[in-house]
Amino acid sequence: MVRRVLLGAIAVVLAVGAGAAAETPAQSKYPNWKGQWLRVGSGQGNAWDPDQSVAHQIVPLKPEYQAIYDAARADEAAGGQGIDPTYICVPSGMPREMIAVAPMEIIVTPETTYIALELFSTQRRIYTDGRDFPAKISPTFGGYSIGRWEDTTGSGHYDMLVAETRGVRGPHTYDSSGVPFHKDNQAIFKERIFLDKDNPNLLRDEVTTFDHALTRPWTVTRSYRRIATEQKALWTETYCTEDNHHVLIGKENYVISGDGHLMPARKGQAPPDLRNFATGE
């Protein structure tokens, strides 16, 4: 009996020790960004610039790319999809994924900060282990992100994550309106992520884009609110291919109707080329 009590006491001590070891002094320097984060705003939150609606956001585009943007908007107004590639399940990529249409979670470790976005199970990795960008980056929609932590107040605790992302592949747009990137896919994104100084449940992500389609760097600040701790976070799964009725044939987008038939997406749209199908003769 004594032996059992002794073993139980040892187990408790080990458990307490393990719990204490779970957070080292170095780890305690990092901010508390735990929880579920939801984007601030709704309808206008679909525009990359949250201070302006999709219809009226002012983008510092060079004339060539302003013309592409205007044509995309006109196509959407006529019932088309413009140049937004996400309707055929192309990932939204950086920086658009940080609109956070669905909730997200941030996991901070000394070596890497993970941003898990619920929409299409997207996951970002921001490396903070002191590495440099590789000589050659294999482009991905999320890009390659390197960051560093800063103590901006001199408190001895980190309060801001500064990150840079390169190697983002196309096709991609800033948002559903079709704000384009340069065709060279050389855009660079610099972020400053921090809690609002007056509200610990409000997170800011200041994103500056450097792209050859722009007349100057374009800075936008996205905001996210943390759900109250007494609320239970609800996480769901989403799949782009599930119930997607869009069909891209050549350069034309068609739609599958509810009864399974191919139909035009906009008025006056020509039918697809059926040269390889039997005509019934």
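Biologist: Hi! How far is the backbone nitrogen of Asp-49 from the side chain of Gln-57?
Modeller: A polar atom of the Gln-57 side chain lies 3.3 Å from that backbone nitrogen of Asp-49. Keep in mind that this is a predicted model.

Biologist: Thanks. Where is Gln-57 found?
Modeller: Gln-57 sits in the loop between strand S1 (37–39) and helix H2 (63–77).

Biologist: And is Gln-57 buried or exposed?
Modeller: Gln-57 is buried, because its relative accessibility is 6% and the cut-off for buried is under 20%.

Biologist: Which residues is Gln-57 in contact with, leaving aside its neighbours within four places in sequence?
Modeller: The list is Ala-47, Trp-48, Asp-49, Gln-52, Tyr-69, Asp-175, Ser-177, Val-179 and Trp-218. Two of those names come back in the aromatic rings: Trp-48 and Trp-218 belong to a cluster linked by ring pairs.

Biologist: How are the rings of Tyr-174 and Phe-181 arranged?
Modeller: Their centres are 4.0 Å apart and their planes make an angle of 15 degrees, so this pair counts as stacked. Both Tyr-174 and Phe-181 are buried.

Biologist: How many aromatic pairs are there in the whole structure?
Modeller: The search finds 10. One of them is Phe-133 with Tyr-144, a tilted pair because the planes stand at 55 degrees, with the ring centres 6.1 Å apart. This pair links distant parts of the chain, 11 residues apart: Phe-133 is in the loop between S4 and strand S5 (144–150), and Tyr-144 is in S5 itself.

Biologist: Is Phe-133 buried or exposed?
Modeller: Phe-133 is buried, with a relative accessible area of 16%.

Biologist: OK, switching to strands. What does S3 pair with on the S2 side, and over how many bridges?
Modeller: Strand S2 (residues 104–108) pairs with S3 in the antiparallel sense, over 5 bridges. A hairpin of 3 residues joins S2 to S3. As an example of facing residues, Val-108 has Thr-113 of S3 as its bridge partner.

Biologist: And which residue of S4 stands opposite Thr-113?
Modeller: That would be Ile-126 in S4. S3 and strand S4 (residues 122–127) run antiparallel and are joined by 6 bridges.

Biologist: What does the turn between S3 and S4 look like?
Modeller: S3 and S4 form a hairpin with 4 residues between them, and Phe-120 in the turn has a positive phi of about 60 degrees.

Biologist: How many residues of S3 are buried?
Modeller: Strand S3 (residues 112–117) is mostly covered, with 5 of its 6 residues buried.

Biologist: What about the sheet with S10, S11 and S12: what is its order?
Modeller: The order is S10-S11-S12, in an open sheet of 3 strands with antiparallel pairing. S10 (246–249) and S12 (262–264) stand at the edges with a single partner strand each, so one side of each has no neighbour in the sheet. On average, neighbouring strands here are turned by 45 degrees against each other, ignoring direction.

Biologist: How many bridges join S11 to S12?
Modeller: There are 3 bridges between S11 (residues 252–256) and S12. Tyr-254, for one, stands opposite Pro-264 in S12.

Biologist: Last topic, charges. How many salt bridges does the structure hold?
Modeller: It holds 11. One of them joins Arg-266 to Glu-252, with the closest N and O atoms 3.4 Å apart. Arg-266 lies in the segment after S12 and Glu-252 in S11, so this pair ties together parts that are 14 residues apart in sequence.

Biologist: Which other salt bridges can I look at?
Modeller: Glu-150 is partly exposed at 24% relative accessibility, and Arg-148 is partly exposed at 48%. Asp-273 and Arg-275 also meet in a salt bridge, at 2.5 Å from N to O. There, Asp-273 is partly exposed at 48%, while Arg-275 is exposed at 68%.

Biologist: Which residues do salt bridges with shared partners join into one network?
Modeller: Asp-75, Glu-252 and Arg-266.

Methods:
Residues are numbered from 1 along each chain as its sequence is written. This is a predicted model: local features need pLDDT of at least 70, side-chain atom pairs count only at pLDDT 80 or more; totals for chains, interfaces and linings use all residues. Side-chain values use heavy atoms; hydrogens and water are left out. Two strands pair if DSSP finds at least two bridges between them. Helices (H or I, at least four residues) and strands (E, at least two) are DSSP runs, numbered from the N terminus. Axes are lines fitted to C-alpha atoms, for helices over the stretch in contact, and angles run from 0 to 180 degrees between N-to-C directions. Buried means under 20% relative accessible area, exposed over 50%, partly exposed in between (1.4 Å probe, protein chains only). A polar contact is a pair of N or O atoms within 3.5 Å; within protein, one must be able to donate a hydrogen and the other to accept it, and residues adjacent in sequence count only if both atoms are side-chain atoms. Contact means heavy atoms within 4.5 Å. A salt bridge is a side-chain nitrogen of Lys or Arg within 4 Å of a carboxyl oxygen of Asp or Glu. Rings of Phe, Tyr and Trp (its six-membered ring) pair if their centres lie within 6.5 Å; planes under 30 degrees apart count as stacked, over 60 as edge-to-face and the rest as tilted.
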